[in-house]
Amino acid sequence: MGISESQYAIETIKLNKIFPDWWGRARVKAVIDLDLKVYPNEIYGFLGPNGSGKTTTIKMLLNLLHPTRGHAFVLGGQSTDPAISRRIGYLPEESYLYRYLTARETLDFYGRIFGLPSAVRKDRIDTLLEMVGLAGMGNRRVGTYSKGMMRRIGLAQALINDPDLLILDEPTSGLDPMGTRQIKDLLVELGQRGKTILLCSHLLADVEDVCDRIGILYGGQMQVEGPVRQLLQHRDETQILAGSLQPRTLEKIEAIIREDSSWVEVSSPMDKLETYFVNIVSRARQSKAPTSGAEAGTGVKGFLAGQVREKAPEKEVLDRLVSASMRPPSPEPDTRTEKASNAAEKARPGKKELLDKLSKTSLESAESVSETTKPSPAPSPEPPRPVRKDLLEELIDRGRKSDGRTEPTDSSDAEGNTHA
Amino acid sequence: MRNIWAVANNTIAQAVRMKISAVVILLLLILLPMMSVIMIGDGTLMGKLQSFSSYGISLVSFLLSLLTIAVACYSLSTDLRRRTLDLVITKPILRYQIVLGKFLGVSLLNLLLLAAFAGIVYGLTLAIPSLTNAEPVERARAQAEFFTARKTVPMKMDTESMNQRVQQRLEKLEKEGQLPENMTRLQARSVLMEQEQTAAKSVELAAVREWDFQKVHIPPDPNAVLFIRYKFEAVPEPPNSEVFGQWRIGDFRQFQTADRRFMTPIYGFERSDSVRDVHEFTVPATVVAEDGSVTVSFYNSPEMNFSTIIFSQMELLYKVGSFGMNFSRVVLLVAIRLVFLAAMGVSLSTWLSFPVAVLCNISVFFAGLVNTFFMDAIDGIGAFMGLIYQFTIKWFLYIIPRFDGPYSPAGYIVSGEVLPWLFLGKAFLITIGIQMTLLIVVGIYIFRRREIAKVTV
Ligand SMILES: Nc1ncnc2c1ncn2[C@@H]1O[C@H](COP(=O)(O)OP(=O)(O)O)[C@@H](O)[C@H]1O
Ligand SMILES: [Mg+2]
């Protein structure tokens, strides 16, 4: 049974949640008229600042809370139906695990509820523990784990039934950068295997690399929704990325562009999702949209900026450490990084095997499905293409139409150019 | 069922890690052997056996009841509070399976503990005679009166004709205007009733008193015996506090038959017994007629006595089973109690927080421990107050189970009296079949409707 029998993997219709106070008076409007639609085989980024109603929405999807008004459907039905909950994996915002069970017992418990035969259960538990990096610690009580380790078990638990729909509430909270990166890679891989993922987060770096589509929630209302590419693209501007150019060349290019456009600025625009997100939120705040969440004033911006600054350098290190890099390798090929990335390349198939073991769907069929049904092209696995590259490709198309002088730039091409 | 088992297992894993479980288990492991040594009862072997076994089983039953209450109330409410249930409930499991799983886990754990500790009490009780240097007579007595399961046929009082006679006398006194001034009609009536009851129990000098016992169905056994157990007072008190009696036991209807052919024997005894003590003597069970009736007669001989004898107790007993069998029935009675408390705890914690649920559960438990006592007391209260109680407390006492009186485990073991299947079945039907089922159904109903992730601060 495929997901295709219903149009949406997740659908909410005018969903409302009002938390009353003790006297029954409406106190907090956590979700207001939310129409959330997630297509099958899509990775949907559900964003919003703290207290914007993300968790509340998820809880209504999973029937943990009753909607005040409106309806919520998952996989075309109610999640209380075992036939539907059988196909869902859920990672709550905190890992609500039994502290007295060991990791292995925890996974075994949930596996039993899914009715997995004991041989399959054992096999999957081994695979999952290895995948989340806790293979050696499976017999320790979950209560003795650090928060990040619990998070990993939480994720393993969400995958025990090889779900079609994965609902993750801030999966990377409490995780070290390595773990964050692993989860992101994992999500991409799962996406390629035809899983639908609702990724709920306020850590924008998580979402940007992974999601096909995002929606930004503020004060319980959807502020904006659409494919990541489309939302982040400045439609009235054009960006050209190239290796470092001689001033002479730059002047030439400028002159050419001036024929077409009234202005040109040579710099590297770094409009990340962060900026966009903060814009949306502050716009909503200016229009006095009601929220029950954190009213952060200028704090949000400061906090997020700090987050980015902290993260950036680590990320580059990680890129080399973890797996195939997201960026083009440095122009001068460094033997050390080559080795590292080779090692990463080698490590990757191993992980793939694990995933193959976990998911029944074969990779080929999953890919063919994703190609036909995905609203936007899936990021290809090796090497994962950066979002920026897609932007460039579109730019190239347009450039060709105008004069054809812009050279197609790609990570490998850029490298080749500098060598030539 | 698979899901219920998974939840039950998980609940047991949770419960055995609770401190109170360790405390209860340790306490019982230490106290029971200690009690078997230090408890001596009235000094006889029989007394030691009686006090150890009854206190032992009472202690096991009490502590396990408390443990059941604690675990049952804790498990579900903590899962809700810690939100671990948020995750479980999103799996393909139905809510009733969670409630039943919790209930099953708590019951199973406590029933296992009950089996283990009841086993310890049983083993120690069996070991006590060989550990003491009691006289052979005492051993024989313990064997006959303690290590047995006897059915008791009580002395029957014809209350109907007694009531009639009291009514007649009362009306007669009224007509003659002889009712004392300072007495209400009701008080006069109760005085007359007392007189009538004493009269029914007493044997005047030179009189013969017969007690008929019916439905005495002794299991076929050539060595079977009947026990006649009695206690009496004498007015005026005899000098050596001893009363001489001539007893006859058998089917006296045979005297009236034309051919005077005796199918069953009739035994005669003469014995002298102290007043105000319980005595027992035995006769071969062959005295019982085929239709299960047997008569005991007592002749207050004027040659030997000069008092009126008042029997406060007169029972006929016979063995219907072994001590082990009776002990296991008693343990079943305790099991019913534990299962009910488990159901109540789980049911309450579907909507109450842990402290409130425990409080409710403990209240019901203690009310149950005095239930029969209160019910009887209320029935004895005057008309007006009685009416108030009738509609308030009595109603409450009526819907909660009873854990005292005939529902308390110790009594059966002390007296070596059999706990009838019929009674056990009735207790099971009412406590498990009706009260427990109702609680579970209500619990499931509430749990199915409640918002699992709801936070109340
Ligand atoms: N049980 C509750 N009772 C009252 N208010 C709640 C409850 N749960 C959440 N809220 C409020 O609803 C709003 C949305 O919360 P939530 O969905 O958790 O936000 P987030 O987007 O950070 O996950 C917040 O203002 C929160 O305080
Ligand atoms: Mg949240």
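1. Basis. This is a predicted model, in which local features need pLDDT of at least 70, side-chain atom pairs count only at pLDDT 80 or more, and totals for chains, interfaces and linings use all residues. Residues are numbered from 1 along each chain as its sequence is written, chains are lettered from A and ligands numbered from 1 in the order in which they are written, and side-chain values use heavy atoms, with hydrogens and water left out.

2. Chain B overall. Chain B has 15 helices and nine strands. These are DSSP runs numbered from the N terminus (helices: H or I, at least four residues; strands: E, at least two). The C-alpha atoms of chain B fill a box of roughly 85 × 65 × 45 Å along the principal axes. Of its 457 residues, 48% count as buried (under 20% relative accessible area, 1.4 Å probe, protein chains only). Take the chain B contacts (heavy atoms within 4.5 Å) between residues at least 6 apart in sequence: 81% join residues at least 24 apart.

3. H2(B) against H3(B). Helix H2 (residues 19–38) of chain B packs on H3(B) at an angle of about 175°, with the axes 10 Å apart. Axes are lines fitted to C-alpha atoms over the stretch in contact, and angles run from 0 to 180 degrees between N-to-C directions. The two helices are therefore roughly antiparallel (over 145 degrees). Residues of H2(B) in the contact include B:Leu27, B:Leu28 and B:Leu31; those of H3(B) include B:Phe52, B:Tyr55 and B:Leu59. By class, this contact has 17 nonpolar, three polar and one charged residues. Here Ala, Val, Leu, Ile, Met, Phe, Trp, Tyr, Cys and Pro are nonpolar, Asp, Glu, Lys and Arg charged, and the others, Gly among them, polar.

4. H3(B) against H5(B). H3 (residues 45–81) and H5 (residues 95–131) of chain B pack at about 165°, with axes 10 Å apart. That makes H3(B) roughly antiparallel to H5(B). The crossing is right-handed (near helix turned clockwise from the far one by less than a right angle). The contact has 20 nonpolar, six polar and three charged residues.

5. Nonpolar cores. A core is a set of buried Ala, Val, Leu, Ile, Met, Phe, Trp, Tyr and Cys residues joined through side-chain atoms within 4.5 Å. The largest has 171 residues, and A:Leu198 and B:Leu85 touch the most other members. Its largest share, 17 residues, comes from helix H9 (residues 323–348) of chain B. A second, separate core of 27 residues includes B:Leu226 and B:Phe311.

Definitions and conventions
Buried < 20%, exposed > 50% of the residue type's maximum accessible area, 1.4 Å probe, protein only. Parallel < 35°, antiparallel > 145°, perpendicular 65-115°, else oblique.
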